[in-house]
Amino acid sequence: MNTPVPAISIKGLTKDFAVTLRGVKLRAVDDLSLTVEEGHVFGLLGPNGSGKSTTIKVILGLLGATAGDVRVFGVPSHEVESRRNVGYLPEAPYFYRYLSGYELVRFYARVCGVPRKQLQARVKDVVDWVGLSKAADRRVGTYSKGMLQRIGLAQALVHDPKLIVLDEPTAGVDPVGTAEMCELILKLKQQGKTVLITSHLLAQIEDVCDRVAILDHGKLIVEGSLQELVGQRDRQALIVDSLPPADIEALRGWLVSRGHALNAIEQPRARLDQLFLSKVSRGGHAGASGGVGSNVVPKSSAPNTSAPVAASPKPKA
Amino acid sequence: MSAVSVPFSFSRLALIASNTFLEAVRQRLFNFLLLLAVGLVASAQFFRDFNFGSSELKFIADFGFGALVFFGSALTITTTAQLFFSEIENRTALTLLAKPIWRAEFVFGKFVGVFAVIGVFCALTIGLMMALLWHREGQLMTIDPEAFASGRIVRYGDLFIVGVLQWLKFGVLSSIVLLIATFSNSNLYTVVTGFFALVICHLQYLARDSWSNVDNLMLRVLVQVLGLIFPNFQLFNLGDEIGQGAALDPLLAGRVAVYAVVYIAVIGGLAVYSFRNREI
Amino acid sequence: MTLAFFSSRSLRTGVVVVTSLVLAGLGLRVVEAPAWEVVRSRQPSLRLESVKDALGQGVTVGLLGGFRAILADLFWIRTNYVWEKYDLPATQTSIKLVTAIDPRSPYFWLNGSRMIAYDMPNWRIDKAGGYDKVPDSVKRHFDEEQSAVAIRYLNEAFGFHPDSPMIRLEIANIYLNRLKDTETAATYYRRAAEHPDAPYYAARIYAELLRKMNRNAEAYDYLKQLYPKLPKEDLQASAQTVLGRIHELEDELSLPADQRFKP
Ligand SMILES: Nc1ncnc2c1ncn2[C@@H]1O[C@H](COP(=O)(O)OP(=O)(O)OP(=O)(O)O)[C@@H](O)[C@H]1O
Ligand SMILES: [Mg+2]
């Protein structure tokens with residue numbers, strides 16, 4: 001095979017829900033075509049009810065398509081085979097309350113056919129990796145929302161899938177957890193995984209995604225790389241010490257003399273989430289183990305990345 | 001890449017079954033068995049006041065079977081619906097079915113898990129009943145040796161077989177409830193419909209017995225069809241005379257067992273068929 | 001719209017389910033029919049008219065649904081309660097209700113008839129003023145009436161236990177002990193004794209009654225053909241006693257030595 005098989009290819013997907021017995025239909029996804037290449041982090045955006053979760057469920061074979069063709073690594077999504085290399089974290093996940101974190105991940109590992117010999121190590125690795133090792137002996141029923149998202153990520157990763165589908169992994173998660181989740185996603189990308197992620201929090205998406213698509217009323221509105229969509233290559237922001245008005249005028253004159261223009265002067269403000277992050281210590285994060293994020297050990301020896309949220313503040317254009 | 005490269009796996013089925021069983025255990029489902037046991041022992045104690053003689057054993061057996069049939073049916077319907085819908089309503093089915101597993105593995109896994117739960121219930125109830133009978137029979141034998149001139153009256157082997165047949169009947173009931181659950185939207189609806197199905201299965205013989213008396217042809221056909229759609233649960237009613245020492249014909253027991261097993265397979269298969277396209 | 005409904009997936013599933021179930025039901029008739037015949041024959045049909053009024057709708061459904069044995073047990077316990085209170089009408093109805101619900105257990109028939117024939121005459125005498133005040137003719141009348149009820153009741157039992165020796169014996173006992181009708185009692189003992197499961201004493205009592213009615217020759221013949229059939233090692237069979245009786249009768253009939261019975 002010369003042309004690489006895309007991780008996900010969606011052609012003309014339409015999904016109708018019968019909402020009344022008389023046959024009135026609701027079109028949740030309307031003639032959607034998308035391709036997610038292997039190794040990309042792909043963001044699926046859209047307002048509530050725009051059909052993001054529906055699309056994901058069709059990709060996973062949980063829903064049947066009304067029309068169109070959906071393939072995962074080339075296999076039609078309604079075949080069991082298509083799910084072999086996929087990990088899925090559903091939105092607002094909820095797991096068997098009566099199992100402990102370890103038991104839960106172990107259960108899913110066995111369902112996915114992780115060989116018995118590797119089972120123990122694999123489960124432990126992945127639970128450590130999402131930073132839940134301290135809470136892993138507790139019943140899942142006692143977990144907080146953020147911990148549920150983490151254990152959900154663990155079960156999605158336990159069989160080392162090539163494609164990971166995350167439906168709002170940060171819903172209900174605090175900024176610290178969100179930052180950590182973003183970090184984990186970037187690490188997955190470094191390991192060469194393909195990630196499909198939906199979210200309302202555009203800032204996060206921006207931080208981690210290579211490409212995004214925006215849905216509205218089930219229709220694809222735009223799709224493209226982040227650079228194409230939001231990069232403003234004809235502008236730049238400089239951040240300098242506070243300048244007196246005279247210096248500003250001088251600077252403006254200097255710029256004009258060289259053929260440039262000073263478009264805006266603003267007081268840069270730290271984003272609130274950064275403030276939050278700088279004030280709230282990571283080690284004290286309730287329930288989760290200490291040191292999550294900055295020193296997690298991915299299964300491969302990929303180097304740690306610094307937290308993307310630590311980037312410089314953005315001036316408003 | 002061919003579609004069959006993820007084969008149907010009995011180990012995954014077993015995994016889902018054992019997880020279902022574990023859920024029942026951890027939800028303390030079996031606690032109520034303690035109450036049942038206390039009830040049975042207390043009733044056995046109560047019968048002593050009446051000087052029933054050797055017929056006291058009939059009373060113990062009748063109450064044991066009554067409890068087995070009644071609570072077993074209730075337990076089967078509610079646990080099947082509950083253990084199925086806990087997956088749907090808690091959206092754990094979403095995660096599970098997004099794994100490389102067959103829907104048939106899920107449905108039969110659920111069935112086997114529930115069937116095991118009911119099996120434990122039947123085993124404990126029948127076991128307790130046998131223990132009570134054995135104990136009391138021993139006492140009565142010393143009190144009234146004449147009534148036991150030819151040894152023990154109760155046939156414990158037959159008692160065990162009847163227990164197994166009841167278990168199989170609950171298996172049929174469980175598969176019916178599972179079939180209902182695959183197209184129903186709620187736990188409550190499933191439980192209510194399951195109870196209706198149970199009553200029809202128990203009473204369908206009445207309609208069948210009297211169908212030849214029905215004049216209206218349409219009605220006659222309808223009654224016949226109803227008798228064919230629903231399994232005949234009255235067929236499993238073999239325990240009534242065990243307490244009085246009546247023997248169980250092995251051929252009869254074998255036929256009833258075949259009847260149950262075939263029904264479990266057919267209805268289970270239909271549940272898979274109906275669940276195959278269910279939107280999760 | 002109707003068309004859309006008919007082509008819907010759920011309808012198709014429904015059709016497949018129903019068809020498969022009907023086919024399965026048809027196919028399974030092979031094993032079901034013979035089994036059902038046996039099970040059905042063991043469950044005497046309910047005489048619903050006789051119980052419907054006494055029981056609520058729910059209980060009736062339970063009955064039909066296979067809880068007969070336990071319901072009969074419960075009503076038997078109730079029978080015992082009203083019996084302890086000497087409540088004659090209630091006890092009598094309750095006894096009949098129990099066997100209407102589940103006629104399969106001989107225990108109910110036997111013990112029910114005993115309550116009617118042996119206990120109730122006493123209750124009636126007590127109610128009429130006690131043993132000392134009630135004249136013998138009235139006592140006799142009570143006995144006869146209650147015995148008639150009990151015998152009628154036991155005769156009903158033959159509908160479910162056609163040749164039960166225990167029920168014949170019970171009737172025989174009533175004729176003998178209550179009605180002092182040795183002749184009829186003897187007939188019942190003889191017929192009871194004819195059954196292979198009959199207790200050995202039935203035949204002995206029959207012979208004894210013949211003797212009492214001065215039909216010694218008949219008694220002698222009867223015992224002579226009975227003796228060889230008795231298992232000698234079984235104490236219950238009392239073969240030795242029977243042999244003793246035979247010799248006594250020979251004495252009474254003054255048979256010559258060469259005609260005497262030699263086992
Ligand atoms: N099972 C269903 N039956 C009927 N309608 C449904 C069903 N699931 C989803 N829908 C409808 O389909 C549309 C798309 O829903 P979907 O869950 O895909 O939205 P979403 O983009 O994930 O929204 P959110 O951001 O709120 O999660 C909504 O109008 C929703 O009401
Ligand atoms: Mg959604």
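Helix axes are lines fitted to C-alpha atoms over the stretch in contact, and angles between N-to-C directions run from 0 to 180 degrees. Helices (H or I, at least four residues) and strands (E, at least two) are DSSP runs numbered from the N terminus. The model is predicted, with local features requiring pLDDT of at least 70 and side-chain atom pairs counted only at pLDDT 80 or more, while totals for chains, interfaces and linings use all residues. Residues are numbered from 1 along each chain as its sequence is written, chains are lettered from A and ligands numbered from 1 in the order in which they are written, and side-chain values use heavy atoms, with hydrogens and water left out.

In chain C, H6(C) packs against helix H7 (residues 106-127) at an angle of about 170 degrees, the axes being 10 Å apart. The two helices, H6(C) and H7(C), are therefore roughly antiparallel to each other, a term applied to angles over 145 degrees. In this pair, Leu88(C), Thr91(C), Gln92(C), Ile95(C), Val98(C) and Thr99(C) of H6(C) meet residues of H7(C) that include Phe108(C), Trp109(C), Met115(C) and Trp123(C), where contact means heavy atoms within 4.5 Å.

The contact of H5(C) with H6(C) involves 11 nonpolar, three polar and two charged residues.

A further pair in chain C is formed by helix H12 (residues 216-226) and helix H13 (residues 239-252), which pack at an angle of about 145 degrees with axes 10 Å apart. H12(C) passes H13(C) in a left-handed crossing. Asn216(C), Ala219(C), Tyr220(C), Leu223(C) and Lys224(C) of H12(C) meet residues of H13(C), among them Val242(C), Arg245(C), Ile246(C) and Glu250(C).

Chain B contains nine helices and zero strands. Its C-alpha trace spans about 75 × 55 × 35 Å along the principal axes.

Chain B contacts chain C through 47 residues of chain B and 42 residues of chain C. About 4,300 Å² is buried between these two chains, with carbon and sulfur atoms giving 67%; buried area is the accessible area (1.4 Å probe) that two parts lose on being put together, summed over both. One salt bridge is counted between chain C and chain B, the criterion being a side-chain nitrogen of Lys or Arg within 4 Å of a carboxyl oxygen of Asp or Glu. Lys58(B) forms a salt bridge with Asp73(C), with the closest N and O atoms 3.3 Å apart.

The contact between chain B and chain A takes 30 residues from chain B and 35 residues from chain A. The area buried there is about 3,000 Å², of which 59% comes from carbon and sulfur atoms. Leu15(B), Arg26(B) and Lys99(B) supply 21% of the area that chain B buries against chain A, more than any other three residues. Two salt bridges are found across the interface of chain B and chain A. Lys15(A) and Glu279(B) meet in a salt bridge through their side chains (2.5 Å, N to O). This pair crosses between chains, from strand S1 (residues 8-18) of chain A, which holds Lys15(A), to the segment after helix H9 (250-276) of chain B, which holds Glu279(B). Over all chains, a search of the whole structure finds 35 salt bridges.

Terms used. Nonpolar A, V, L, I, M, F, W, Y, C, P; charged D, E, K, R; others polar. Parallel < 35°, antiparallel > 145°, perpendicular 65-115°, else oblique. Left-handed = near helix turned anticlockwise from the far one by under 90°.
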